[in-house]
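Me: I would like to learn how to read a structure step by step. Could we go through it together?

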Amino acid sequence: MAVKTSSLHVYLLAGVKTSPSVFHACSKKLDEELQNRGMKPAIHVLFPYGDASRSLFRQVMEVRSDLSNRMNAGRVGGRKVWKNIRDSFAGGERMLLIGHSGGGAAAYQAARLLKEADSAIDLRVVQVGSPKTPIVPEMQENVSYFHSVDHLGKLNDPISKLGSWGGWTRYKRTVPVWNRHKYAPGYVEGIPVMGGHADYFRHDHPYIDQEMICNLDKTLGRVKEWLKGWM
């Protein structure tokens, strides 16, 4: 008897000044693991702000447009991803967006646009080493956020220190107070990766720790734990 497979579209979104090869190992590993789970994955690699050959200044300015939770925000990378997904996604299937650095901001903004067009769409967003992007309350449980930490568990990725999840909160009749996690993703976790901001998806030496676990396996391992029960 044939095993029934389920389809899953995975979109890997790069940040600024990124090499075209950044997700090669990640794509291969995801494809193998998802097929072993009896799934039929379609993996797409997108560059919301262009690749390493494009102007850094222009890419950074476009990322800034994706860091707002306002409805009228520019969302340059998010809209580019949204349009690309419209052309490759037939609907009725699950969708996973994994964005590194600025790609995490674009992933969320694209997901928000997709949800606005079809509230029933089943999707999850993973932000890795991204600037803090305010997440609207109705989408917080659909978004996770992973960042690098040092041996003491302290955040050590400078890009993850950018942006804000904060907002004013009033409790009953008290004076409003600043809540720095008001618009945070529903799940936030640190990962002790080797190297720095650009290295979450590295899989070879010197990005392997003393327990022989590479950064790629650490990152995908945390993502799989978060997706348990959905993927």
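Me: How much space lies in the second largest pocket?

Reply: This is a predicted model, in which local features need pLDDT of at least 70, side-chain atom pairs count only at pLDDT 80 or more, and totals for chains, interfaces and linings use all residues. Residues are numbered from 1 along each chain as its sequence is written, and side-chain values use heavy atoms, with hydrogens and water left out. A pocket is an open set of points on a 1 Å grid over the protein atoms alone, where a 1.4 Å probe fits, with protein on both sides within 12 Å along at least five of seven lines, and lining residues have an atom within 4 Å of a point. Its volume is the space filled by probe spheres set on the points, which are joined across faces, edges and corners. Here, the second largest pocket holds about 160 Å³, and among the residues that line it are Gly15, Val60, Arg64 and Pro131.

Me: What is the volume of the largest pocket?

Reply: That volume is about 380 Å³, and of its 17 lining residues, Thr18, Ser19, Val22, Ala198 and Arg202 are the closest to the centre.

Me: Which residue does the side chain of Arg124 make a polar contact with?

Reply: A polar contact is a pair of N or O atoms within 3.5 Å; within protein, one must be able to donate a hydrogen and the other to accept it, and residues adjacent in sequence count only if both atoms are side-chain atoms. In this case the partner of the Arg124 side chain is the side chain of Asp122, at 3.4 Å.
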